[in-house]
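User: Please take me through the backbone and metal-site geometry of the structure shown below, one point at a time.

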Amino acid sequence: MKRLLILLSLVPTIALASDPEWFQVGAAAVDITPEYPVRLSGYGSRREPHQGVAQRISAKAIAIGEDGAGPAVLVTVDNCAVPASMRTEVIRRLTKDTALRDERFAIASSHTHCAPMLKDVLPNLFGMDIPSEHLPAIERYTRELTDWIEQVAREALKARHPCRLDWSVGTVGFAANRRPFPFKPVDHDVPVLRAIDPQGKVLAILTNYACHCTTLGIDSIHGDWSGVTQESLQREFPGAVALVAIGCGADQNPDPRRTMELVKQHGENLASEVKRLTLTQMRPVTGPIVCRAKEIQLAFDSPPSREAWQTLAQSKTAAVAYHAKKNLARLDRGEALPTHLPYLVQTWSFGDALAMVFLPGEVTVDYSLRLKRQYDRSRIWVNAYANDVPCYIPSKRVLEEGGYEGATAMIYYDRPTKFAPDVEERIIGAVQELVPNPFLAKPE
Ligand SMILES: [Zn+2]
C-alpha cells in the first residue's frame, strides 16, 4: 500500500486555474500491431512482408463534448495513410447508434513508413502489381484496422467524464525542408492540447508536428518519431493517452535520420517540449465546439495525350511505365480519366479560443504558414494527413517548382497528372468559408 501511494504521488498533477469550462472528454487507445507478416507501405523499395516488431503501433481517440450538441472525435492512427473509404465505413457504423456526425469525426494518419500497407492507398507504390500471395494479409489488416478505429472511437465516447481543456504552442527544430530548391520554409510549431480531470490528472495530450515520419526505413513495424513521442509522454503521464497528428509536413523530413538512435532522439525531443508545455499554465479552451466540413473538387491539369502515355509506357523508371500502362489500359477500355479529385476540408472551432483545420493528403508547409498568417497565429492549428491521403497537396509555389511533391509523386498515388494551378486557392477558399471570421488575423 505504501509503495502504491508513493507511485501515485509520482503521477504529475496540474494545479487548476479557477473557474474553468468543463467538457465531457474521453480518451482511449487500441493496439493495432499486426500479428502476421504483411507488406509495409511508404517506401517502394520494400517488396516482402515485414519482419518483426521494433515498436508496437496504436490507434488513439479523444472524444470531446456531450451527446446533446454532438461529440467531436479525433482518431490518430500509426499508419502511412488511412484512406477516405475506411473513414466512410467507420462513420457508417458509428452514426447508427452514437451521437457522432460526419463533420465531427476526424482521422489523422501519422504517416509512419513502418506500418502495414492498406487497400486503396498508394496503389502504384511498387511500380508493379502486388503479388497475389501478398494480398490476403493486406486485405485482412485493412479489415482489422477498420474495426480497431471503430472500437477506439467507441471506447473514447464511453470514457467521457468532466475535464477541462487547455492548449499552448511550443517549438522543436528537427524537421527540415527536403526539397532541392533554394526557398526552404519550415513550420516548427508544436501545438499541444491537454485534457485534465477535476483532480488535476492529465487524461489526454494531443500534439502535432509538421514533419514526415520517415526517420526509419527498416523492415519492421515502428511508429517512427511519433511513436516514440507517444510512448514517452505516456511514461511521463501514467494513465494518459498521448495522441500525435501531423501538420503540413509533406515537404519536411526529420534531419538527420536513418538510425534507431535518431528516431529516439527526435521523438524524445518532441515529447520533452510537449511535457514542458503540459506542466505549465496553458490557455483555456472554451466552447461551443462548432464543426464544419465541405467537400470541394480539386482540378487536375490536362492529362498526357495517348501518344505521350505511349512514350511514358516505355520509360526505364518502372513506376512511370507502370502508371502509363495502367492509364493506357483505362483509355483502351473507354474509361475517361478523372478530371477532379474530391477533397474534404473540415474545421473545428472551440469558442473563439482555438480553430483546428483538417486537410487531407500530404500537404506542403506553405499551407500552414499561409493559414497562420491569414488567421490569428496564436489561435489556429492545422492537421494534415487528415480524413484521407489521396496524394501530395502542393502549394502554388511547389506546383510551379515541380519535382516530387509538385508533380511526380502523383504516379505512386495513381492520379492522372499534377494539379491545375488553382489548387491552393480552392483549398484556402474552402477553409475561409468554414473557419469563423473572429479567428482572422487583425490587420497590421
Ligand atoms: Zn509522404
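User: In this predicted model, how are α2 and α3 oriented to each other: parallel, perpendicular or oblique?
Analyst: The model is predicted. The axes of α2 (residues 84–97) and α3 come within 10 Å and cross at roughly 40°. Angles under 35 degrees count as roughly parallel and those from 65 to 115 as roughly perpendicular, so α2 and α3 are oblique to each other.

User: Is the crossing of α2 and α3 left-handed or right-handed, and which residues make the contact?
Analyst: The crossing of α2 and α3 is right-handed. On the α2 side the contact is made by M86, E89, V90, R93, L94 and D97. α3 contributes T142, L145, T146, D147, I149, E150, A153 and R154.

User: How do the residues in the contact of α2 with α3 divide by class?
Analyst: Among the residues of this contact are L94 of α2 and I149 of α3, and also E89 of α2 and R154 of α3. Sorted by class, the contact of α2 with α3 has six nonpolar, two polar and six charged residues.

User: What is the relative orientation of α4 and α5?
Analyst: Two packed helices are described by the angle between their axes and the distance between the axes. For α4 (residues 224–236) and α5 (residues 260–278), the axes come within 7 Å and cross at roughly 45°. α4 passes α5 in a right-handed crossing. With that angle, α4 and α5 are therefore oblique to each other.

User: Which residues of α4 and α5 meet, and how many are nonpolar, polar and charged?
Analyst: From α4, the residues D224, W225, V228, T229, S232, L233, R235 and E236 take part. They meet V263, K264, H266, G267, E268, L270, A271, V274 and K275 in α5. By class, the contact of α4 with α5 comprises seven nonpolar, four polar and six charged residues.

User: Which residues are the protein donors of the zinc ion, and what spacing do the donors follow?
Analyst: The protein donors are H111 and H212, each through NE2, and E362 through OE. These donors lie 2.0 to 2.1 Å from the zinc ion. Along the chain the donors follow the spacing H-x100-H-x149-E.

User: Where in the chain are H111 and E362, and are they buried or exposed?
Analyst: H111 belongs to the loop between β4 (105–109) and α3 (135–158), and E362 to strand β15 (residues 362–363). The pair links distant parts of the chain, 251 residues apart. As for accessibility, H111 and E362 are both buried.

User: Which residues are joined by cis peptide bonds, and what is omega?
Analyst: Most peptide bonds are trans. P256 lies in the loop between β10 (252–254) and α5, and a cis peptide bond joins D255 to P256. P288 is in the loop between β11 (283–284) and β12 (289–299). A cis peptide bond also joins G287 to P288, and omega is about -5° for D255–P256 and about -5° for G287–P288.

User: Is R258 buried, exposed or partly exposed?
Analyst: R258 is in the loop between β10 and α5 and has a positive phi of about 95° although it is not a glycine. Its relative accessibility is 41%. Buried means under 20% and exposed over 50%, so R258 counts as partly exposed.

User: What is the relative accessible area of N387?
Analyst: N387, in the loop between β16 (380–383) and β17 (392–393), has a positive phi of about 70° although it is not a glycine. N387 is buried, and its relative accessible area is 3%.

Methods: Residues numbered from 1 in each chain as written. Predicted model: local features only at pLDDT ≥ 70, side-chain atom pairs only at ≥ 80, totals over all residues. Heavy atoms only, no water. Donors = N, O, S within 2.8 Å, 3.2 Å for Na, K, Ca; no water. Helix = DSSP H or I, 4+ residues; strand = E, 2+ residues; numbered from the N terminus. Buried < 20%, exposed > 50% of the residue type's maximum accessible area, 1.4 Å probe, protein only. Axes fitted to C-alpha atoms, helices over the stretch in contact; angles between N-to-C directions. Parallel < 35°, antiparallel > 145°, perpendicular 65-115°, else oblique. Left-handed = near helix turned anticlockwise from the far one by under 90°. Contact = heavy atoms within 4.5 Å. Nonpolar A, V, L, I, M, F, W, Y, C, P; charged D, E, K, R; others polar.
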